[in-house]
Amino acid sequence: MKQTTVENCKIIDIRKYTDNRGYLSVIEGGLDIPFEIRRIYYLYMVPEVARGAHAHKQLQQLLIATSGSVDVIMDDGKSKKSFHLDKPWKGLLIPSGLWRDLENFSGGAVLMCLASEKYEASDYIRDYGEFLAYKNGK
Ligand code: TYD
């Protein structure tokens, strides 16, 4: 999706069930998020480095800081929008076709990603110039 913009990213409030035993949050593919979940991965024990720095041509994702916090900077080639993920019930829905940088992982942060597709290296754009050309239809 070449036409997506940072305005198409959305913070969602993940369903939670609370009682005196604590919290339980749940995400069902196709119900709470607009895609079926084909893969889950998570980043943890991240030192003071930036990660991400890529875009996906097709992949859609939901990012959740299940522990700690992280900044996600989304970029559509024209505008940037920053999201601070810091709650296990706060998810960032990312449509395809957007560049993302992951920064400022707090100590103990765990960033979980629910993805719409299996891992496919050819779906990645890792060069920013190539990303701009892709967005401009070149
Ligand atoms: P990478 O894409 O560099 O991480 P980041 O989220 O910071 O952009 O992935 C690191 C390594 O993990 C790379 O060798 C590819 C591998 N990997 C898989 O094999 N399967 C996966 O689902 C993912 C996300 C990564």
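What relative accessibility does Ala-53 have? At 32% relative accessibility, Ala-53 counts as partly exposed, a class that lies between buried (under 20% relative accessible area) and exposed (over 50%), with a 1.4 Å probe and protein chains only.

The model is predicted, with local features needing pLDDT of at least 70 and side-chain atom pairs counting only at pLDDT 80 or more, while totals for chains, interfaces and linings use all residues. Residues are numbered from 1 along each chain as its sequence is written, and side-chain values use heavy atoms, with hydrogens and water left out.

**Figure 1. The protein chain as a whole has 1 helix and 12 strands.** Helices (H or I, at least four residues) and strands (E, at least two) are DSSP runs, numbered from the N terminus. Along the sequence the pattern is β-β-β-β-β-β-β-β-β-β-β-β-α. The radius of gyration, taken over C-alpha atoms, is 15 Å, close to the 14 Å that the globule rule gives for 138 residues, so the chain is as compact as a globular protein of that length; the rule is 2.2 Å times the number of residues to the power 0.38. The C-alpha trace spans about 55 × 35 × 25 Å along its principal axes. Of the 138 residues, 39% count as buried.

**Figure 2. The shell around the ligand contains residues of strands E4 and E5.** The residues around the ligand are Arg-39, Tyr-41, Arg-51, Gly-52, His-54, Tyr-119, Tyr-124 and Arg-126; a residue belongs here if one of its heavy atoms lies within 4 Å of the ligand. E5 gives the most, with 3 residues. By type, the shell divides into 3 nonpolar, 2 polar and 3 charged residues. In this scheme Ala, Val, Leu, Ile, Met, Phe, Trp, Tyr, Cys and Pro count as nonpolar, Asp, Glu, Lys and Arg as charged, and the others, Gly among them, as polar.

**Figure 3. Side chains of Arg-51, His-54 and Arg-126 reach oxygen atoms of the ligand.** A polar contact is a pair of N or O atoms within 3.5 Å. For Arg-51, an N or O atom of the side chain is 2.7 Å from an oxygen atom of the ligand. The corresponding distance for His-54 is 3.1 Å, and a polar side-chain atom of Arg-126 lies 2.8 Å from a ligand oxygen. The protein covers 60% of the 540 Å² of accessible area that the ligand has on its own; accessible areas come from the Shrake-Rupley method with a 1.4 Å probe.

**Figure 4. Strand E5 belongs to an open sheet of 5 strands.** The strand order is E8-E7-E10-E5-E12, with antiparallel pairing, where two strands pair if DSSP finds at least two bridges between them. The edges are strand E8 (80–85) and strand E12 (124–125), each of which pairs on one side only. E5 and E12 are joined by 2 bridges in the antiparallel sense, and Ala-55 stands opposite Ile-125 in E12. The C-alpha atoms of Ser-82 and Val-72 are separated by 5.7 Å, although the two residues are 10 apart along the chain.

**Figure 5. Strand E6 pairs with strand E9 and with strand E11.** Of the 7 residues of E6 (residues 61–67), 5 are buried, so the strand is largely enclosed by the rest of the structure. E6 and E9 (residues 90–94) pair in the antiparallel sense over 4 bridges, and the partner of Gln-61 in E9 is Ile-94. With E11, the antiparallel pairing of E6 runs over 6 bridges. Leu-62 stands opposite Leu-114 in E11.

**Figure 6. Strands E2 and E3 form a hairpin.** There are 2 residues between the two strands. E2 (residues 16–19) and E3 (residues 22–25) pair in the antiparallel sense over 4 bridges. Tyr-17 has Leu-24 of E3 as its bridge partner.

**Figure 7. Ala-53 and Asn-104 have positive phi values.** Most residues other than glycine have a negative phi. Phi of Ala-53 is near 55°, and this residue is found in strand E5. Phi of Asn-104 is also near 55°. Asn-104 is found in the loop between strand E10 (99–103) and strand E11 (110–115). With a relative accessible area of 52%, Asn-104 is exposed.

Key:
Polar contact = N/O pair within 3.5 Å; in protein donor to acceptor, adjacent residues only side chain to side chain.
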